[in-house]
Amino acid sequence: MTLYGKKDRENREVVDPIFGSYSEDHDLPKYKLDKRAVAPRIAYQVIKDQLLDEGNARLNLATFCQTYMEPEATKLMSESLEKNAIDKSEYPRTAEIENRCVNMIANLWHTQPHDEFMGTSTVGSSEACMLGGMAMKFSWRNRVKKLGLDINAKMPNLVISSGYQVCWEKFCKYWDIELRTVPMDNTHHSLNMATVMNYVDKYTIGIVGIMGITYTGEYDNIEQLDKLVESYNQQTDYKVYIHVDAASGGLYTPFMEPEVNWDFKLKNVISINTSGHKYGLVYPGIGWILWRDKAFLPEELIFKVSYLGGQMSTMAINFSRSAAQIIGQYYNFVRYGFDGYHEIHKRTHDVATYLAKEIEKTGIFELINDGTHLPIICYRHKQTPPAEWTLYDLADRLAMKGWQVPAYPLPTNLDNIEVQRLVVRADFGMGMAHDYVEDMKQAITDLNHAHIVFHKKKELKPYGFTH
C-alpha cells in the first residue's frame with residue numbers, strides 16, 4: 001500500500017457539509033477524529049462529495065483490475081462482507097466454497113491425476129507471488145542442504161525477465177534474495193530463451209515465467225523454458241523449477257488459447273499464481289496460488305492455528321480479511337461456466353483487435369503488442385517522422401475526456417522507448433471502444449494543431465498511477 005504521513009496533508013484541513021443538519025455550521029476535521037458523531041446521511045454525503053472529482057473507474061484503461069460485476073454478484077458480496085475468510089470453523093460453507101474454487105482452477109490448469117495439488121486464495125496475486133517465492137526458497141534450501149551446499153556462502157537468487165511486476169522486487173528485498181533479471185531488448189519483449197539459463201546456478205531458487213508482462217501484455221514462452229530447464233536438470237543434482245506468474249493470463253489463456261502449453265502439463269512448472277480480480281472478473285482483492293503437488297510446499301510454511309476453534313492450517317501472509325471476494329469468484333464460476341468465460345473473453349479480445357487496427361490506421365504509431373494474446377494494446381510513436389508532441393501529451397488530452405491511459409518507459413535497456421498501453425476489460429464494450437477511438441483521433445488532431453507542447457521530448461517518466 002502507498003505510505004501516507006503528515007507531509008501529505010492538504011492545505012485545508014476540514015471538510016464542510018452543505019446538506020443541512022447540526023453539521024451545517026460545523027466543519028469536520030480531515031486528519032483527526034471529530035469530537036461529536038454526525039448522522040449517517042451526513043457522513044455518507046460528505047464522503048461521496050469527496051469522491052466526485054475522482055476518475056471514472058470504467059474509463060480507466062490503465063488498470064488490469066475489474067471495474068464491473070453483475071448486481072447479483074455485488075449483492076451477494078455485500079451480504080458476505082462480515083464473514084472472515086480465515087475463520088474456517090465458524091464459516092465452514094465459505095471454506096468449502098474456497099476449496100471448490102481451488103479445485104476448479106486446478107482443473108483449468110491441468111493438474112495431473114497422480115499429483116496431490118494444494119492451493120489457497122490470497123488478497124491478490126502479489127501475495128500469491130510472495131507465497132510462491134517463499135515456497136521456492138524453502139524448497140531450494142531443503143534440497144541443497146542434503147547435497148552439502150553451504151547456503152550461507154552466497155545469497156540465493158531468483159531469475160526473471162526485466163519485465164517483472166514490482167511484487168517480485170519486493171519479495172527479493174523482504175526475503176534476502178538476489179533478483180537476477182534477464183534483460184529485455186528490441187527483439188525480446190519477453191523472457192530471452194537464448195540467455196535465461198546463463199543466469200542459473202546452484203543458488204537459484206527458481207525461475208519465474210510470466211503469462212502477461214505488465215508493461216506490454218506479452219507472454220513468456222513457458223513451454224520452451226520448460227524444455228531448457230529439463231535439459232539443465234538432467235545434467236545436475238541442483239535442480240531448478242519454474243513458478244508461473246499468471247496474474248493476468250491464468251484465468252484468460254485456458255479459455256481463449258487452450259493450445260498454449262504453459263501450466264501443470266509441463267513437468268517443471270511447480271506453482272502458478274493468478275489474479276481473480278483481473279480476468280477472473282472479480283472486484284479487487286482476490287488472488288490464487290496453486291502448487292502442483294504438496295511436495296513443493298514445505299511443511300515449515302504451514303502453520304496450525306487452534307485459537308479460532310477447531311484445528312486450522314494456514315500459510316497466508318495476511319490473516320483476517322473479508323470472504324466477499326472469494327464468494328464473488330465462486331459466483332462467477334457458477335454463473336458463467338467455461339463457455340461463459342470464453343464468450344466474455346472473446347468479446348474483450350474482439351474489442352482489443354478493433355482498437356489495435358484503428359491505432360495502426362493513424363499511421364503514427366508502431367504496435368508493440370496488438371492484443372493477440374491478452375487483450376492489451378501497447379504502442380509507441382514511429383521513429384519517423386518525429387511528432388511535436390509526446391505520448392504524455394496524448395495522455396493529458398485523453399484525460400480531458402475522462403480516459404485514463406498510462407504513458408511510461410519500458411524496462412531497463414529499453415527505457416529510452418516511451419509507450420502507451422490500453423488494458424481492455426470485460427466492461428469495455430465495442431460501443432465504448434468506438435467512443436475512445438473518436439476521442440483519440442480528436443486528441444491527435446488537437447495536438448497536431450497545438451501552439452504549445454507541454455512535455456519535453458526527452459522527458460521519459462511514468463504517467464499517472466502505477467498498476
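Glycine 133 touches Trp168, Phe171 and Ile205, leaving aside residues up to four places away in sequence. The model is a predicted one. Glycine 133 belongs to helix α4, residues 125–146. Its relative accessibility is 0%, so glycine 133 counts as buried. Tryptophan 175 lies 42 residues from glycine 133 along the chain, and their C-alpha atoms are separated by 9.0 Å.

Tryptophan 175 leads on to the aromatic residues. A search of the whole structure finds 16 aromatic pairs. One of them joins tyrosine 174 and tryptophan 175 in an edge-to-face arrangement, 5.9 Å centre to centre with 65° between the planes. How exposed are these two residues? Tyrosine 174 has 53% relative accessibility and counts as exposed, because the cut-off for that class is over 50%. Tryptophan 175, at 23%, counts as partly exposed.

Another pair is formed by tyrosine 336 and tyrosine 341. Their ring centres are 5.7 Å apart and their planes stand at 85°, so this pair is edge-to-face. Tyrosine 336 and tyrosine 341 are both buried.

Arginine 141 places its charged end over the ring of phenylalanine 138, 4.4 Å from the ring centre.

Now to the strands. Strand β4, residues 157–161, is mostly covered, with five of its five residues buried. In a regular strand the side chains alternate between the two faces of the sheet. Both faces of β4 are covered. Asn157, Val159 and Ser161 are buried on one side, Leu158 and Ile160 on the other. Strand β5, residues 178–182, runs parallel to β4, and five bridges join them. Serine 161 stands opposite valine 182 in β5.

Strand β8, residues 269–275, has seven of its seven residues buried, so it is largely enclosed by the rest of the structure. Which way do its partners run? Strand β7, residues 242–245, pairs with β8 in the parallel sense over four bridges. Here isoleucine 242 has valine 269 in β8 as its bridge partner. Strand β9, residues 287–291, is joined to β8 by five bridges and runs antiparallel. Serine 271 has tryptophan 291 in β9 as its bridge partner.

The loop between β8 and β9 holds leucine 281. Most residues other than glycine have a negative phi. Leucine 281 has a positive phi, near 75°. Its relative accessible area is 6%, so leucine 281 is buried.

Tyrosine 379 stands opposite glutamine 420 in β15.

The loop between β14 and β15 carries asparagine 413. Asparagine 413 is not a glycine, yet its phi is positive, about 85°. Its relative accessible area is 52%, so asparagine 413 is exposed.

Helix α10 is the last stop. α10 spans residues 430–448, 19 residues in all. From first C-alpha to last it reaches 27 Å, close to the 27 Å expected at 1.5 Å a residue. Which of its residues are buried? They are Met432, Ala433, Tyr436, Val437, Asp439, Met440, Ala443, Ile444 and Leu447. What covers them includes two helices, α8 (324–361) and α9 (391–400). The cover also includes the strands β12 (365–370), β13 (376–381) and β15 (418–423).

Methods
Residues numbered from 1 in each chain as written. Predicted model: local features only at pLDDT ≥ 70, side-chain atom pairs only at ≥ 80, totals over all residues. Heavy atoms only, no water. Expected span 1.5 Å × (residues − 1). Buried < 20%, exposed > 50% of the residue type's maximum accessible area, 1.4 Å probe, protein only. Contact = heavy atoms within 4.5 Å. Pairing = 2+ DSSP bridges. Phe/Tyr/Trp six-rings, centres within 6.5 Å; stacked < 30°, edge-to-face > 60°. Lys NZ or Arg CZ within 6 Å of the ring centre and 35° of its normal.
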